[in-house]
Amino acid sequence: MWRNPGGFATAFALSLVLAAPIADAQKSGGVLIMSHFDSPASMSMHEEATGAVNRPMMGVFNNLVMFRQDVAQNSMASIVPDLATGWSWNEEGTELTLPLRQGVRWHDGKPFTARDVKCTWDLLIGRSAEKLRLNPRKTWYSNLEEVIANGEYEVTFRLKRPQPSFLVLLASGWSPVYPCHVSPREMRTHPIGTGPFKFVEFRPNERIRVARNPDYWKPGRPYLDGIEWPIVPSLSTRILGFVAGSFDQVFGVTIPLLQDLKSQAPQAVCDVFPANLPRTLLVNRTTPPFDNPELRRAMALTLDRRAFIDILSDGQGEIGGAMMPPPAGSWGMPPEVLQTLPTYGADVAKNREGARAIMQKLGYGPDKRLAVTVTTRNVGAYRDPSVLLIDQLKEIFIDGTLNAIDTTQWYPTVMRKDYAVGLTVSENGLDDPDQQFYENFACGAERNYTGYCSAEVDQLIDRQSSEPDPARRKQLVWEIERKLAEDAARPAIFYPMSAACWQPYFKGHTMMVNGNYNGWRLEDAWLDK
């Protein structure tokens, strides 16, 4: 079965209405084999920023709250309790109180208490004696004043100012609760959680394995005995393994390869869905000559965004700004508004004419070209658009050479800004402006890879974060979008469409359309064998 690549809007609307799980008679047992695209640097959810660790490890942990796993579009309305049993705000909107479940135990048998919650967020905001080696989401919690343990089974998050979306941050798949008694060093190699699956092993470049937690606090879950994630970097090889029956699911299938897969495995069930994973241009604004804003503007002007979509995704994908475009995204601009932003005009020839004029004014031209290394992660989703970017930069007298580096080196490289020009996949953990802006554009953020810093934009980010009215907040978000485009802060190139395919006996898993890191708990997944 191939689920509607062309009629996404209809299926998307239905997915919001038909949120209840299908009433099949779930079966327990069996080991799910999930082909996996990359080998992460560690198993530490709070120190990594890639799906290579998020997908296999989300089921090892619980959050305080989470997005419903059977609803395709993440929203405030789809947040449900997890380790918390509920939540409430004070009248000022500055204190979020969550009563906690009792009787929950960590995988090593120790009890879960409010102290673990406090330890986790003290670690994230840098207030604990223990330190994270990397802290990619520290800026998510820049508005967090403190976490208070009200006895053993209640916590209060005290904020510096109102932040209506704070609960959304806690619901992300990147917001698990860590045990207070296990060090960050140990969590990198043998994570301990409270979730439906226990960590078994990580063999770098080979496989990741988890096994059923027989003492899970949620009765009857999980259905699976375990999950194995064989690491196979080549998408073509993963597809061949899926066709041969070696894998139960293959994720990230490109649109051009989907038809081949379907012809070889007609029994496969495939969902084509949008991804909140825009491919974005990185320009290190501290490295000459890229410290010149006019040069950066010329690079943004030369982008033929539609060509990326046509060549890499057979025309299926969307052009967007920092926020994911509708209908999957709740905060992005529609095309008619987006095209009014600087460098987003639809006339590519005119844009490039302007870009060449800028380059010639700066002294470049056919006889004096600018040589540059384009750095990216050595994964197809990064590498393929980087090759196309290099080709498009030639239009404005820039000759690029590709430097594709291993995942274990990629994140440290861009975080310390050891590159000149690059291309990244902005791995957006949420469809929410607080996540996107604080993580990628706020001054000093660890994942602000380009070093962009604007006091005006930081003030606007705080204003939209505090705004309780969604319509007024969206106006502020779009104002930020326009400013980011004017500054060529980190130009979004395109939002892709891709597919996930699974064997027909794999049940109970919903692909998220705007929160690709939030749907991998897999406690409801089962094998109809």
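Me: Contact means heavy atoms within 4.5 Å. Leaving out residues up to four places away in sequence, which residues does Met-57 touch?

Reply: In this predicted model, Met-57 touches Met-43, Met-45, Pro-191, Phe-199, Ile-208 and Val-210.

Me: Which members of the largest nonpolar core touch the most other members?

Reply: They are Met-57, Leu-64, Val-117, Trp-121, Tyr-141 and Phe-157, in a core of 91 residues. Helix H4 gives the most to this core, with six residues. Another core, of 29 residues, lies apart from it and includes Ala-298, Phe-308, Val-374 and Ala-420.

Me: What makes Cys-119 and Cys-180 a disulfide?

Reply: Their sulfur atoms are 1.8 Å apart. The cut-off is 2.5 Å, so the pair qualifies. Cys-119 lies in helix H3 (residues 114-124) and Cys-180 in the loop between H4 (166-171) and H5 (184-189), so the link ties together parts that are 61 residues apart in sequence.

Me: Why is Cys-119 called partly exposed?

Reply: Its relative accessibility is 25%. Buried would need under 20% and exposed over 50%, so Cys-119 falls in between.

Me: How do you know that Cys-270 and Cys-501 are joined?

Reply: The S to S distance is 2.1 Å, and the limit is 2.5 Å, so this pair counts as a disulfide. With 115° about the S-S bond, the link is right-handed. Cys-270 is in strand S13 (residues 269-274) and Cys-501 in strand S19 (residues 492-502), 231 residues apart. Both cysteines are buried.

Me: What is the handedness of the disulfide of Cys-443 and Cys-453, and why?

Reply: The sulfur atoms of Cys-443 and Cys-453 are 2.0 Å apart. The torsion about their S-S bond is about 100°, so the disulfide is right-handed. Both residues are in the loop between H14 (433-440) and H15 (455-466), 10 residues apart.

Me: Are Cys-443 and Cys-453 buried or exposed?

Reply: Cys-443 has 27% relative accessibility and counts as partly exposed. Cys-453 has 52%, which passes the 50% limit, so it counts as exposed.

Me: How many disulfides does the rule give, and what is the pairing of the bonded cysteines in sequence order?

Reply: The count is three, and the pairing is 1-2, 3-6, 4-5.

Me: What makes H14 largely enclosed?

Reply: Eight of the eight residues of H14 are buried, so the helix is largely enclosed by the rest of the structure. Among the buried residues are Asp-434, Gln-435, Phe-437 and Tyr-438. The cover includes H4, H15 and helix H16 (470-486).

Me: What caps the N-terminal end of H14?

Reply: Asp-432 does, with a side-chain oxygen 2.9 Å from the backbone nitrogen of Asp-434.

Me: How do you know that the side chains of His-181 and Asp-108 make a polar contact?

Reply: The distance is 2.6 Å. The limit for N or O atoms is 3.5 Å, so the value lies inside it. Beyond its neighbours within four places in sequence, His-181 is in contact with Trp-106, Asp-108 and Lys-110. His-181 is found in the loop between H4 and H5 and is partly exposed, with a relative accessible area of 32%.

Me: Why do S5 and S7 stand at the edges?

Reply: Four strands form an open antiparallel sheet in the order S5-S6-S8-S7. S5 (88-89) and S7 (144-149) each have a single partner strand, so one side of each is left without a neighbour in the sheet.

Me: What makes S5 and S6 a pair?

Reply: They share two bridges, in the antiparallel sense. Ser-88 stands opposite Thr-97 in S6.

Me: Why is the pair of Phe-251 and Phe-273 given its class?

Reply: The rule finds 15 aromatic pairs. The rings of Phe-251 and Phe-273 have centres 5.9 Å apart and planes at 35°. Stacked needs under 30 degrees and edge-to-face over 60, so this pair is tilted. Phe-251 is in strand S12 and Phe-273 in S13, 22 residues apart. Phe-251 is buried at 12% relative accessible area, and Phe-273 is buried at 3%.

Me: What class do the rings of Phe-437 and Phe-441 fall in, and why?

Reply: Their centres are 6.4 Å apart and their planes stand at 65°, so the pair is edge-to-face. Both residues are buried.

Conventions: Residues numbered from 1 in each chain as written. Predicted model: local features only at pLDDT ≥ 70, side-chain atom pairs only at ≥ 80, totals over all residues. Heavy atoms only, no water. Buried < 20%, exposed > 50% of the residue type's maximum accessible area, 1.4 Å probe, protein only. Core = buried A, V, L, I, M, F, W, Y, C linked by side-chain atoms within 4.5 Å. Pairing = 2+ DSSP bridges. Polar contact = N/O pair within 3.5 Å; in protein donor to acceptor, adjacent residues only side chain to side chain. Phe/Tyr/Trp six-rings, centres within 6.5 Å; stacked < 30°, edge-to-face > 60°.
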